[in-house]
Amino acid sequence: MTKKTILTVAIVSVLCGGLIVATSAFAQTTSNSQNSVPSLVQEIADKFHLNTNDVQSVFTLHRQEMMTNREANYENYLKNLVSTGKINDEQEQLILNKHKELIKQMQSNLKNFKSMTPAQRRAQMQSSMQDLQNWAKQNNISLQYLRPFGSGMGRFGRFGWHKLTLTPTP
């Protein structure tokens with residue numbers, strides 16, 4: 001196998017695995033109630049005798065600020081790629097549009113995945129990854145420049161998840 005094939009397999013595996021873990025974690029932490037409050041918010045409100053809605057609004061505001069910062073950092077990252085000649089302006093815009101589309105798709109999938117079996121979720125993710133690979137190939141864009149989760153993907157985001165390679169075992 002070539003390095004490119006190994007890299008593509010690694011990227012697909014990481015993205016699919018991350019989505020499975022996120023989906024299962026989301027499903028486990030969500031209760032049956034539509035108006036459930038996350039346990040940390042409830043614990044903080046109880047501990048400091050605060051209104052649960054006020055605590056939730058602080059968490060929501062913080063999350064929105066973090067998302068805004070991640071998006072700004074990602075746009076700066078793409079601008080840097082354009083300035084260094086790794087991608088052109090048209091590719092930058094295509095990547096930004098695809099990035100926004102993927103975020104919406106992931107949010108939608110979290111809701112839809114609750115009613116799917118694990119096999120159905122896996123098939124859906126594989127189909128999505130194949131579509132993403134086809135899109136990247138059609139637009140002559142390396143998948144390493146498309147970070148659907150932003151740059152904060154734990155160790156893979158900080159150290160370059162696109163550089164992850166699998167070495168065959170003897």
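**Briefing on the helices and their contacts**

N140 lies in the loop between α5 (118-138) and α6 (154-158). The model in which this residue is placed is a predicted one. The protein has six helices and zero strands, and its pattern along the sequence reads α-α-α-α-α-α.

- N140 is not a glycine, yet its phi is positive, near 55°.
- With a relative accessible area of 65%, N140 is exposed, because the cut-off for an exposed residue is over 50%.
- H49 is also a residue other than glycine, and its phi is positive at about 55°.
- The loop that holds H49 is the one between α2 and α3.
- H49 has a relative accessible area of 72% and is therefore classed as exposed.

**The protein as a whole**

- The protein has 170 residues, of which 28% count as buried.
- Among contacts with a separation of 6 or more, 58% are made by residues 24 or more positions apart.

**Helices α2 and α3**

- Helix α2 covers residues 39-47 and helix α3 covers residues 52-83. Their axes come within 9 Å and cross at roughly 130°.
- On the α2 side, the residues in the contact are L40, V41, Q42, I44 and A45. On the α3 side, they are T52, V55, Q56 and F59.
- By class, the residues of this contact comprise six nonpolar, three polar and no charged.

- I44 is located in helix α2.
- Is I44 buried, partly exposed or exposed? I44 is partly exposed, because its relative accessible area is 24%.
- When neighbours within four places in sequence are left aside, I44 is in contact with V55 and F59. Both of these residues belong to the α3 side of the contact between the helices.
- I44 and Q56 are twelve residues apart along the chain, and 9.7 Å separates their C-alpha atoms.

**Helices α3 and α4**

- The axes of α3 and α4 come within 9 Å, and the crossing angle is roughly 155°.
- The helices α3 and α4 are therefore roughly antiparallel to each other, because angles over 145 degrees are placed in that class.
- The crossing of α3 and α4 is right-handed.
- From α3, the residues E71, Y74, E75, L78, K79 and V82 take part in the contact. From α4, the residues are D89, E92, I95, L96, H99 and I103.
- The contact of α3 with α4 contains six nonpolar, one polar and five charged residues.

**Salt bridges**

- How many salt bridges does a search of the whole structure find? The search finds two.
- One of them joins K79 and E92, whose closest N and O atoms are 3.8 Å apart. This pair links distant parts of the chain, with K79 in helix α3 and E92 in helix α4 (residues 89-113), 13 residues apart.
- K79 is partly exposed, because its relative accessible area is 49%. E92, in contrast, counts as buried, because its relative accessibility is 10%.
- K79 and E92 are also among the residues that meet where α3 and α4 are in contact.
- A salt bridge also forms between the side chains of K98 and E101, with an N to O distance of 3.2 Å.
- K98 and E101 both lie in helix α4, and because they are three residues apart, about one helical turn separates them.
- K98 counts as buried at 12% relative accessibility, whereas E101 counts as partly exposed at 42%.

Note on methods
Residues are numbered from 1 along each chain as its sequence is written. This is a predicted model: local features need pLDDT of at least 70, side-chain atom pairs count only at pLDDT 80 or more; totals for chains, interfaces and linings use all residues. Side-chain values use heavy atoms; hydrogens and water are left out. Axes are lines fitted to C-alpha atoms, for helices over the stretch in contact, and angles run from 0 to 180 degrees between N-to-C directions. Helices (H or I, at least four residues) and strands (E, at least two) are DSSP runs, numbered from the N terminus. Contact means heavy atoms within 4.5 Å. Ala, Val, Leu, Ile, Met, Phe, Trp, Tyr, Cys and Pro count as nonpolar, Asp, Glu, Lys and Arg as charged, and the others, Gly among them, as polar. A salt bridge is a side-chain nitrogen of Lys or Arg within 4 Å of a carboxyl oxygen of Asp or Glu. Buried means under 20% relative accessible area, exposed over 50%, partly exposed in between (1.4 Å probe, protein chains only). Angles under 35 degrees count as roughly parallel, over 145 as roughly antiparallel, 65 to 115 as roughly perpendicular and the rest as oblique. A crossing is left-handed if the near helix is turned anticlockwise from the far one by less than a right angle, and right-handed if clockwise.
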